[in-house]
Amino acid sequence: MRKVIATLRALVEVLEALSKDADPEGVGRLIKEELQRIKKADAALSGELTPYNIVPLEAPSLTNAIGFFPEVRGAISAIRYSEQFPRLPADFEISGQRDADMFDLLEYVFGFQKDNIRNQRENIVLAIANAQARLGIPADADPKIDEKAINEVFLKVLDNYIKWCKYLRKRLAWNSFQAINRDRKLFLVSLYFLIWGEAANVRFLPECICYIFHHMAKELDAILDHGEANPAPSCITEDGSVSFLDKIIRPIYETMALEAARNNNGKASHSSWRNYDDFNEYFWSPACFELKWPMREESPFLFKPKKRKRTGKSTFVEHRTFLHLYRSFHRLWIFLFVMFQALTILAFRKEKINLKTFKTILSIGPTFVIMNFIESCLDVLLMFGAYSTARGMAISRLVIRFFWCGLASVFVTYVYIKVLEEQNQRNSNSKYFRIYILTLGIYAAVRVVFALLLKCKACHMLSEMSDQSFFQFFKWIYQERYYVGRGLFERFSDYCRYVLFWLVILICKFTFAYFVQIKPLVEPTKVIIDLPSLQYSWHDLVSKNNKNALTIVSLWAPVVAIYLMDLHIWYTLLSAIIGGVMGARARLGEIRTIEMVHKRFESFPKVFVKNLVSLQAKRLPFDRQASQ
């Protein structure tokens, strides 16, 4: 058809050139009328060849039956232009052989590209038609789309935007869901798809798309209330044209491209350039509205990176350092060291459970708070590079945790030293001991209560839905507030099974550690300490008044190293046992019939050769054939 139309156009041009000299009142007039008729037919055929994906919307196609489905015809009529919409200019051209629709208004107001308009028009029609098909196929001669289908598409497409506004406690672009009619809903859905379709790499920043849609939806709402359609002020370029791509997307894209050029093909450190996460996390805080609309070019978000100046990160900076081995797993390290300290004290006290042993075991308190203080110091140190652009709440949380952990470590250590001094006094009233027990008890109780409440589904949902500062403050103390992953939580039954699984692992590990690793070293350690002072050539470093400390360190160091690493062994063993039991219960790999046994025997020689016969033996027959 394309070849025929190209030939037809060439013949029409030839006829026009040859008919110039013909009589305009006689034969020339007839030729001219015939050429006009041919051109109209040519336009109709050209409409048939307009490219489309699934549904031909630019021109009615007789070869594609999808456009004649009732739900598709109803979706096309749902987006058709009505008299209630603002009037388009008289010189605005409607592409193809179709009636004006909502996308023509969006194209004129915001300056979207024509190919984007064509793609998203078809996308919206198919989305509405699919939603209607799930509800039921309309049987009327003039099919209509149900309100439920439009609501379904509206809530599904704008779900992330609604959650984003709720997270930032910002009012939606519309007053209420019930206050907007079906046409406004279709306008908003179409606008969101058009923004996404023309956003280039900015579409990888979903919350940035929400920010753009939030302001453009307000502009659209104001335009729809007027009788005449006018271009949106945010998309008007310097030469007077209207272009969403040039005014909104290009500045963001250029900044992202310059930042990506600084990564040195992935070899540059994370702190030296901004990636997609850094750009997107900027919109996880109400401070993003300081960008205004249209976005200020001098804002930190659109800051163009310079060669030697470090780029400010949003909330997190990954510094390449071995300190992450402690910072990333600080809860595990603290737990293992505290338990090792308690088990070692119990072993040296010969398992005598009395008040003195209990007070000695309580030395885990200073260990716990000091290790927490080390972790808070690493948080402050490794956050370097993001303080200039990070959220104020995130920075204040780091500072508060730093001072809180520092004061707590000083206070707990001081009180425990006083407890030890009281222990050496005969007539002590144990005042500091009671303060110490009360402090540790309150802290442990608060942590346990908060942990249980966050694992309870009802409390978790209440804290997510509530905007009360009480809930938000305590959640902020427990963990930093993020947009992504805030609603993820496991069921209480799954959590109980998870806790039971790790309780079995830890019981096995600490039982083995106490009876096999720690307890056998108690007596040798006491013997080494009681040895007479030995003089070495390097006596100042090795043996002078230190009770053979280096010898004890060399004795305990391998045990401590194995103690810190054998948790993986116990985890592997228990996982294999539980996996085997679950596989046996599910009868995985079970041979149930004689026919299955016969099939296994048929495949046995191949498996034997594949796994047990050496490669050299396999090559011998081929080598002999080659030599022959």
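Predicted model: local features only at pLDDT ≥ 70, side-chain atom pairs only at ≥ 80, totals over all residues.
Just after helix 13, Lys350 takes a positive phi of about 55°. Most residues other than glycine have a negative phi. Two further residues share this topic. Arg169 is not a glycine, yet has a positive phi of about 55°; the residue sits in the loop between helix 7 (159–168) and helix 8 (182–197). With a relative accessibility of 40%, Arg169 counts as partly exposed. Lys292, also not a glycine, has a positive phi of about 65°. Its place is the loop between helix 11 and helix 12, and at 49% relative accessibility Lys292 counts as partly exposed.

Most peptide bonds are trans. The bond from Trp293 to Pro294, however, is cis, with omega near -5°. Pro294 belongs to the loop between helix 11 (276–281) and helix 12. His215 lies in helix 9. Is His215 buried or exposed? The relative accessibility of His215 is 14%, and buried means under 20%, so the residue counts as buried.

Not counting residues up to four places away in sequence, Ser241 touches Cys235 and Ile236. A pairing across the sequence can be given for Ser241 as well: its C-alpha atom is separated by 8.1 Å from that of Gly111, although the two residues are 130 residues apart along the chain.

The chain as a whole gives the setting for these details. The protein chain has 26 helices and zero strands. Of its 628 residues, 36% count as buried. Among contacts between residues at least 6 apart in sequence, 70% join residues at least 24 apart.

Helix 13, the helix that Lys350 follows, can be checked for its length. Helix 13 covers residues 330–348, which makes 19 residues; at 1.5 Å a residue these should span 27 Å, and the end C-alpha atoms are 27 Å apart, so the two values agree. Which residues of helix 13 are buried? They are His330, Ile334, Leu336, Val338, Phe340, Gln341, Ala342, Leu343, Thr344, Ile345, Leu346 and Ala347. These buried residues pack against helix 12 (324–327), helix 14 (355–361), helix 15 (364–382), helix 20 (492–518), helix 21 and helix 23.

Two of those partners, helix 21 and helix 23, also meet each other. The axes of helix 21 (residues 522–530) and helix 23 (residues 549–565) come within 10 Å and cross at roughly 165°. Angles over 145 degrees count as roughly antiparallel, and helix 21 and helix 23 are therefore roughly antiparallel to each other. Helix 21 passes helix 23 in a right-handed crossing. On the helix 21 side, Pro524, Thr525, Ile528 and Ile529 make the contact, and they meet Thr551, Ile552, Leu555 and Trp556 in helix 23. By class, the residues of this contact are six nonpolar, two polar and no charged.

How do helix 5 and helix 6 cross, and at what angle? The axes of helix 5 (residues 114–135) and helix 6 (residues 147–157) come within 9 Å and cross at roughly 125°. This angle makes helix 5 and helix 6 oblique to each other. The crossing of helix 5 past helix 6 is right-handed. In helix 5, the residues Ala127, Ile128, Ala131, Gln132, Arg134 and Leu135 meet Lys148, Ala149, Glu152 and Val153 in helix 6. The contact of helix 5 with helix 6 has six nonpolar, one polar and three charged residues.

Technical notes. Residues numbered from 1 in each chain as written. Heavy atoms only, no water. Axes fitted to C-alpha atoms, helices over the stretch in contact; angles between N-to-C directions. Helix = DSSP H or I, 4+ residues; strand = E, 2+ residues; numbered from the N terminus. Parallel < 35°, antiparallel > 145°, perpendicular 65-115°, else oblique. Left-handed = near helix turned anticlockwise from the far one by under 90°. Contact = heavy atoms within 4.5 Å. Nonpolar A, V, L, I, M, F, W, Y, C, P; charged D, E, K, R; others polar. Expected span 1.5 Å × (residues − 1). Buried < 20%, exposed > 50% of the residue type's maximum accessible area, 1.4 Å probe, protein only.
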